[in-house]
Every structure is written in structure tokens, then in C-alpha cells.
Amino acid sequence: MNNLSKSKLHGLWALTNRELKKWYKAPTVFILTLIQPVIWLGLLGNALNISSLVSSSSITLPADLMSQFTPTQLGALSEFFSNIGDTVMQGTFGTTSYISFMAVGMIAFTALFTTMFSGMSVVWDRRLGFLNKALSTPVSRAVIILSKVLSATLRSMFQASIILVIAVPLGFQFGAAFTPLNILGVFAFLFLICMGLSSLFIAINIRSTRIETPMAVMNLLNLPLTFASSAFFPIEQMPSWLQAVATVNPLSYTMNGMRQLLINSSINYSDLAVQYAYVGIFAAVLTAVGIVLSWRFLNK
Amino acid sequence: MSENAIKAEGLTKVFNGSLVAVDHIDFSVKNGEIFGFLGPNGAGKTTTINMLITVLKPTEGKAAILGYDIAKQNTQVRYSIGVVPQEYTADEDLTGYENILLCADLYGISRKVSTRRAADLLELVELTTFKDKKVQTYSGGMRRRLELACGLINRPKVLFLDEPTLGLDVQTRAATWNYIKMLKKEFGMTLFMTTHYLEEADALCDRIAIIDHGKIIVVGTPTELKDSLGGDIITVAIKKDVDITGLVEKIEHVKQVKKENGSYVIKSANGEITAPLIIEALRKEGHLVTRLSLTKPTLNEVYLQYTGKSMRDAEDSGDSLHAKRMIMARRRH
């Protein structure tokens, strides 16, 4: 039994890699999961562009009003009016381009969507008997769950990055505060939120033996989690009941944090610290819950 | 190390406080033997295996594998055993080779060792030429062989096979039997298998336990169990309708005579020797033997004797068992 002294984490990468292999060996599924956020981006971000709604190009001053100003005053006034759209956008969304605002929402949405599938893979493994086989090997129960969390996290981070890359030709504009280093900060946000979310969905499905359960959970949580967040609209503009949900939704913190790093003109570091802390605690608590549940419930 | 590879004492599993799947069973498996767990579907075979391989926690009682307690020393147990499950658990999207290496990683075997072992095992189960094909292209027999290879990757001292030939055609089943026999011969390992095929248990197992409704009914070698029935069965029919029971009972080796459907069912220790004696004795008395058959008892008769029903009947009345399983599956989540 000399190999008993092995690390408690052995098998973690093997199990994670198993899931990742299934994913990159089936590019169709991978491409399909990208289509939805891209459609959102194209439709809502580009076709129904909110920035064009608040533009002032249709505003002309009545002639009798214009005659009361000197040409210099008139010049200043028309400049004020032509900037009004950008000012409103900047004030409401923190950027003049709505598609940039929404693209960050879609990055987080992709993370949510991908992690939801991690719940399904637990059920599949149980149904197909793989879980039983893994449980009869010396691999730790926590590792079985962590490998699922980790693979979902890596997958989500990759897909979210693709969304960012696709958003650029669609009109995504980086903010004034953006430096390439901020990308690392974005990855940190994605890593934390994906850890938390995939732990959540795995914990929900850990006892389930039927594939319908995770599907129902996905349908139930998908829309509320997306719309009760700052994905499409700033929280401040929401009705108070929705605001209450959105302000506790960790996705909102993730999106707002990523917006600071990617599209805003300046970064408020104390806000950023709160955003990291909130998402970090969310991730830590749920991962811990997932591991505790795996100890309790993987063995019946 | 103890002489017993597996020892179970009062092992019990109750699901959800009411459904007794395994009911206080005691048995021991000696080192190096093939031990068969025989019983109809739903008898508690898989539940017993799942407890022994540390996947299910026993509700009551205890068991030890190679002296390691399945509850308290489960890590040591897991390192010492191999499992070939009832289902095909190999990942369909991966190749056979990748699947074996994955199993090796679950035991923390270094890549250097595992690549060599995987090559040997693929050779053993004759999958070397298909090792880089995805498992979804494999036939049922190939998958079963791959499961076997995966179960052997950690050089287990005790190998558990849960219904190793379930759903396989006759040829593949025979081939699987050969692999199992070879494993015992080459590696000298202890094998614990469940089956509901009587002929399989008869052909492979050194000792058999018959389990029904969660209880072990009888344990013994196939020969012992068959002998316990009272030997071979000779069925004789004569032309005239006279009672010959008393006459036959006096013949050497005959243990029991019963009249059934117009013919006589005779139990005897050495059927081959007794049969001519019976014909001889009857002819002397002027009775013309019209038909005679000699049957060696199979485990089917053993099963019938001990459970009061044939395996087939037990499976047919499986409706209730099926319902029981559905309840179990439903309650589990």
C-alpha cells in the first residue's frame, strides 16, 4: 500500500480532462452554445440599439427660438444637443455604446449557460454507471465534484472569451480605462462566478437520477437569473422589486465588475474590491457546500 | 493476511428505512476462488456488490476485503479491488485507450506504469487494434472486454464482476467465460461474480451462494449443491399400468421413486450404473420399458429445490420485483 500516501487530489486533472475532451471533440455542441449569445448581441445590441434611441439628431430648434440667440450661442447650443445622446448613455450605461454594455452581459450569460450543463453531467454519470465506478476507486469524493466544477469553469471561461472576440467586430468599444492587463481581471471574475455557479448546479442535482431534473432547474433559473441582473439594463433603472433581486444576484456584481475593467471610462477601485469580494465569497461558499454535499450524498 | 479474501457478517442494506434489499447475510470467500452469487433479478446481488466495493454504506453488519473493513478502511479496500460493473461505464466519446488511462489515473498510477499496463491489458482482451477508436463504435462484447481491462488496471487482488455476461450473445458469453477462467489461472486473483445464469455459475464458480429476497439460501460447490438433491434423475416409463415403485426401490443406489404423469422419477447416486440395473430388474419381472431418460441435475434443479420456484418463474413474477426497483429508484432522489 505504498501508494496510499498519494496526494488527496489525484485524478482531479484526469477527470477534468475527461469532460474537456468530450467538449472539444464535439465542436457542434460548442458552436451551438455560442449561437444564442451572438444572436442576443446582434439583435438587441445592434439591431435594437438603445444608443440610437437617445440620439439627438432628430432635434431641431423652432425658428422663432433660434432667432433669439447669437450665432456663437447657437453653435454652443447645437453642440450641447448633439452630445445629449452620449451624455445620457454615459450616465445610464457608463459607456456610449449599448452593444458594449450588453456584450459584457452576454459574457456572463454564457458563463451561466455553460455552468448549467455541469448539473446535467452529474446525472448522466449516475445513470450510465460511471459515477459508481469512480466511487469504487480510491479517488476522493471531493475530487469527483471538483473536476466537474473545474471543467465547467474552464469551458465557460473559454466560451466567454470567444463572445468578447465576436463582440469586437459587432461594434464593441473598450473603455478609456482599459489596458490589456484588465483581461486578467476579467478572467478572475469569470473564474469565480463559474466556480460558484457550477457548484450550485451540481449541488442541486447531486441526488438526482433523472435527466429531467436539471433541465427543469435550467428552465426555472435561466431567465430570472439573466433578467434580474444588470445584463441588459443598469440596476438603478429597474423597478424596486426587481432591483432587490438584482442587487443580490452575483451575476450583477460580475457584470458590473467586468464593465469597470472593460468599457467604463474610469475604474472605481473600492467598488471593484466589493465586486471581487462578493463574487469571491459566493464562489467559496458554494464550492464548500458542493464538497460537503458530495461527501454526504455521493455515497448512499 | 487472513485466509478469507472476503468475509461478510450480518451484512444488511435497508433502503429508506423500509425496503430490505439485503437481509443479514453471512458468507466468506477464500483467497483465489471464484465465488458466484446466484439469484433472480432483484434478489439483492448488486446491492451486495455495491456494499463490498464501498459504493453503498451497509445499514447493519460488516464486511472485510483482505482483512480491511469496508466502512472504516475504505481507501485500502478501494486500492485492493477491481470492479467490472453491470453497465457499460466506459466513456463513449473517448477511445478505448483513453478510457483505460482514465481508470489508471483514478488509482493515481503514474503515466509511465499505466501506459505499459494498458498496452498489456489491451493485448489480453484483444482490443489492441481498436484502441484508438471511440468506444461508441465498439460492439457489446468489445465494451465488456474494455470494462474488464479497466477493472484490472490496478492489479486488483479481488475482482468484482456484476453480471459479466448480461445481454451478450452466446459466443461472446463463452469468450467472456474464457477470459474469466484465464484471469484466475494467470493472476491467481479472487473473483466475486453475480449472475442469474445457472449454467454460468456452474461452469465458472468454485463455490456458489444462492440468494433470494435478500437472504442467502444455500452455499456450496456446484457439485455439492447438485449432490444435495440426491443425485441423478432417471425417468422410466413402462408399457403396462402397474405400480413398480416397490420393485425399483429395492435396486442398488436408488434413493427415491416417485410416480409422476404416468412415468417414474427415480433419484439415484450413479445414474449411469443404476439405469441398466433398473432395465434388467424390470425385464426380469416381465415389464417392458418403453422410455428411459437420464438427467444430471443442473443448478436449475438446485435453485428450484431451495427457492421453491424455477429461475424462469422467479423472473416472470418479476413484475413485483420490477415495481420494487422502481420504488427504489424513485426514492433515491
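**A strand in chain B, then the domains of chain A**

Mentor: This is a predicted model. Look at S3(B): B:Ile34, B:Gly36 and B:Leu38 point one way, B:Phe35 and B:Phe37 point the other way, and all are buried.
Trainee: How many residues of strand S3 of chain B are buried?
Mentor: Five of its five, residues 34-38, so to speak mostly covered.
Trainee: Which way does S8 of chain B run against S3(B), parallel or antiparallel?
Mentor: Parallel, with five bridges joining S3(B) to S8(B), residues 190-195. B:Phe35 sits opposite B:Phe192 there.
Trainee: And how many bridges join S3(B) to S9 of chain B?
Mentor: Four, to residues 207-212, and that pair is parallel. B:Leu38 has B:Ile210 in S9(B) as its bridge partner.
Trainee: Switching to chain A. What does the domain assignment give?
Mentor: Domain 1 is 9-47 + 95-297, and domain 2 is 49-93. Their centres, taken over C-alpha atoms, are 41 Å apart.
Trainee: How many residues does each domain of chain A put into the contact?
Mentor: Domain 1 gives 10 residues and domain 2 gives eight.
Trainee: Which elements give two or more residues on the domain 1 side?
Mentor: Helix H2 (27-47) and helix H6 (98-127) of chain A. H6(A) has the largest share, three residues.
Trainee: What's the split by residue type on that side?
Mentor: Five nonpolar, five polar and no charged.

Key:
Residues numbered from 1 in each chain as written. Chains lettered and ligands numbered in written order. Predicted model: local features only at pLDDT ≥ 70, side-chain atom pairs only at ≥ 80, totals over all residues. Buried ≥ 20, exposed ≤ 12 C-beta atoms within 10 Å, placed from the backbone. Pairing = 2+ DSSP bridges. Domains from an automatic or database assignment. Contact = placed C-beta atoms within 7 Å. Nonpolar A, V, L, I, M, F, W, Y, C, P; charged D, E, K, R; others polar.
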